[in-house]
Amino acid sequence: MKKFLLIFLFAIACTLSTGQVLGIERPQIPEIQQSAQELYENGDFSNAIERLQAEIRDYSNRRDRAAQSIALRNLALLYLEMGDLVAANTSIEESLQIVKNLENKEKILAQILEVKGQIQLLTGNPDDASETWETAIEIYQDLNDINGIIQNTINQTQALQSLGLYRQSRQMLERLQSSVELEPDSILKAKALQSLGDVLHNLGDTKESIEILNRSLTIAKQFQDREIIASILISLGNATRLTSEKDEQQALNYYQEAASLAPYTTTQLEAQLNQFNLLIAKSRKSEALSLIPHLETNLNRSPLNHSTIYARIHFARHLMELEDISPATIAQRLAVALQAAQKLGDRRAQAYALGNLGKLYTQNQRWDDAQTATEQGLAIAQTLQADDIAYQWQWQLGKIFRKQGKRKGAIAAYSGAIHTLQSIRRDLVAISSEVQFSFTESIEPLYREFVDLLLQPNASQDDLIQARQAIEALQLAELDNFFREACTDAHPVQIDRIDPNSAVFYSILLRDRVEIILALPEQPLRHYTTPVSQKRVEESIEQLRKLLFDHYIRANAHKKPAQNLYDWVIRPAEQEIANSNADTLAFVLDGALRNIPTSILHNGQQYLIEKYAIAIAPGLQLLNPQPLTQQELTLLAAGLSQARQGFSALPNVEPELEQIQTEIPTEILLNESFTEQNFSQLARSSPAPIIHLATHGQFSSNAADTFILTWDNKIDANELRGLLQADPKYHRPIELLILSACQTAKGDKRAALGLAGIAVRAGARSTLASLWSVSDEATAQLMTQLYRELTEQKVTKAQALRNAQLALLNGDTFSHPYYWGAFVLVGNWL
């Protein structure tokens, strides 16, 4: 598998976890003589190998085949620790050849297969590794060896993770947990729980991860195994650092305790590097500087193997973030890592070290040296098909070319980086964004920098087409990041194919300006720039939201920021849109622009909704271009009118659903009947093309915190699709999913991403929801009018929503946009 160390690479980018990331346990070698064991434990692997080789010769001379095969197996483990995969494989194959001719060989064979699977995983063959461990499990089952079964099941889950199959890994570990709960407490039980905790953490289930890891720690402490205790403490630090600012010190405490407890230098180094990383990330510079001598001591004491090479590169990368360290000092550390990688024949590590050397030269504006080192690292990465490294050095090369004024080369490099990144999309997104890499720091800027490069004055149509594709790709990458998996397959769609009467706005917020690409049917792309900073746009959006909520005090105060936003986004193309005869405006929104409904933008005389129907698209590539089927519409509705699970009552839900029932044939689940199970069963079997949920819900930038409330549970974004998946015999798509009492999470700047996420995950062609919680009386009126429009007027969904909103706007009671403006249509607007 060409991306076999993807997970390892991104793990060291933020939190170094040398042993646990790949699930390779530190080898236990009770069979060898005490002197060799001591050499091993002290990190003197070379002399330990010499002692083992001497023993192997002795066993061979005495024809003790069983002891010889075990010693060869242990030798392979030591070669693994040294990073010499070729020698490790040679030793393990020799061991297997010897054991074939032994009697009563089952347990020895299983132990050898454990190590063979580790070698296969590290050499990029996770499928083969999983099969090898499955064979070992079968042997251990015949021997009724529960410890062997547990250990090799844990190993199998690591193979799944290396394939990006985190959810399958979680399911396997949860089944294993059910089994080990019946067993007495043991180190292996602690390890099984730790593995589950790490997977939960990687999937973003931080709270549950911490609970499981604490249970693991409690068990490990019973046996006073300092190595496993230190390892679990590192896992706890990695999970705790994500919870909140106040837990930052607790994470540091975990790392410090792990470093003091760990009996092995490599584990101490792992803990210290994670601590160093966190201190730098939190701008605690003096504390980070004080840790450097301890890190250097442990690096110098550690053998130059695969793990410590990456540790040295990781250390150098973070030194680049400190102004106090001279470039020559950092370059020397990278040179040591590069030489060690060359000595071990680890070409992947060579590619990584060279690219980081290029990064160092880039920081110091040594452009020629930066280009040479980056191109060398990129060439090796591409030869290895190591796309997860290659995209980084392509991106870096683009920056170098741009700084040198080589625009054509820069565009080619950026374009290549995005293409490479998309090729590893399914592998990349399986890893938790906060733990393994920061999306907003390590992925998102690539797209923004590319669009910034393309959208210059006098940009050509080719530039605009590439920029639009990059914006579409960014939208998809954000959704992938939201779900921690490749959420859906995208297919290019032209606006003309979707709707010849619509205009589509692609927006992107850059540091110093707002860029808009406008797509009109059968016309070239139009591009315009507004020189207003991202900070000012975000401040205006926040001000607009605040003034909308203060409408009782200042009824019209919101119009000023609403007009500012209109001027920045709509005004430059106002006349062209009018000339195009477009009746619907669709917006592919970026960043904070998602947090306000574009329907309430104001031109000084009227709201945008008064001129056009409005829709939000998470990118045209994600749209199903089919229009609403003009048939007799039916509805499945569910709601809560009573207070539940700490949420307030919604007294108008019941009359809302009753009124809707007078407009359209409706099947209703209300209060006690609206359980998760009942809803799932009915949603799967109902032929109704519209599903209406009148209940509390929340949209967040975290998929786990994006949910819909039922009587007995919360349905999160990841669960929704499974609940709405229709029984195959009904063959009906969900035309429209309506969420009539949801809101964006307060204080979450990217909360509206959850609305796009739930719209995509639901599998519905369109989703209608509210960005804030509105009077349920106003909601009831709007929904009743919406269904009247859909059933009587035969209009598009966007036009039906517009007419319903205008009914409130032109009325007396709910004319303020606080009441009607919260509702947005996401997805297909036809």
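1. Start with the nonpolar cores, meaning sets of buried Ala, Val, Leu, Ile, Met, Phe, Trp, Tyr and Cys residues joined through side-chain atoms within 4.5 Å. The largest one has 230 residues, and Phe276, Phe587, Phe679 and Trp829 make the most contacts inside it. Another core, of 36 residues, lies apart from it, with Leu52, Leu122, Ala136 and Ile149 among its members. "Buried" here is under 20% relative accessible area, "exposed" is over 50%, and "partly exposed" is in between (1.4 Å probe, protein chains only).

2. A word on what you're looking at: this is a predicted model, where local features need pLDDT of at least 70 and side-chain atom pairs count only at pLDDT 80 or more, while totals for chains, interfaces and linings use all residues. Residues are numbered from 1 along each chain as its sequence is written, and side-chain values use heavy atoms, with hydrogens and water left out.

3. Next, salt bridges. Side chains of opposite charge can pair when their charged atoms come close. The structure holds 30 salt bridges, each being a side-chain nitrogen of Lys or Arg within 4 Å of a carboxyl oxygen of Asp or Glu.

4. Have a look at glutamate 296 and arginine 333, a salt bridge whose closest N and O atoms are 1.7 Å apart. The pair links distant parts of the chain, 37 residues apart: glutamate 296 is in helix α15 (residues 285-301) and arginine 333 is in helix α17 (residues 327-344). Helices (H or I, at least four residues) and strands (E, at least two) are DSSP runs, numbered from the N terminus. Glutamate 296 counts as partly exposed at 25% relative accessibility, whereas arginine 333 counts as buried at 16%.

5. Lysine 797 and glutamate 735 also form a salt bridge, with their closest N and O atoms 4.0 Å apart. Lysine 797 sits in helix α36 (residues 797-809) and glutamate 735 in the loop between α33 (717-724) and β11 (736-744), so the pair ties together parts that are 62 residues apart in sequence. Both lysine 797 and glutamate 735 are buried.

6. Then there's arginine 554 with aspartate 550, whose side chains meet in a salt bridge at 3.8 Å, N to O. Arginine 554 is partly exposed at 40% relative accessible area, and aspartate 550 is partly exposed at 21%.

7. On the surface, Glu106, Glu134, Glu138 and Asp142 gather in a patch of negative charge. Patches take residues with over 30% relative accessible area and no salt bridge; like charges are joined within 9 Å, nonpolar side chains (Val, Leu, Ile, Met, Phe, Trp, Tyr) within 5 Å. Helix α7 (residues 126-142) gives the largest share of the negative patch, three residues. Glutamate 134 is in helix α7 and is partly exposed, with a relative accessible area of 32%.

8. Last, two pairs to check by eye. Alanine 683, in helix α32 (residues 676-685), is buried at 0% relative accessibility. Alanine 683 and leucine 723 are 40 residues apart in sequence and 7.0 Å apart in space, C-alpha to C-alpha. Arginine 366 lies in the loop between α18 (347-363) and α19 (367-383) and is partly exposed at 43%. Arginine 366 and isoleucine 400 are 34 residues apart in sequence, with 9.6 Å between their C-alpha atoms.

Notes: Accessible areas come from the Shrake-Rupley method with a 1.4 Å probe; for residues, only the protein chains shown count as cover. Lys and Arg count as positive and Asp and Glu as negative; His and the chain ends are not counted. The place of a charge is taken as NZ of Lys, CZ of Arg, CG of Asp or CD of Glu.
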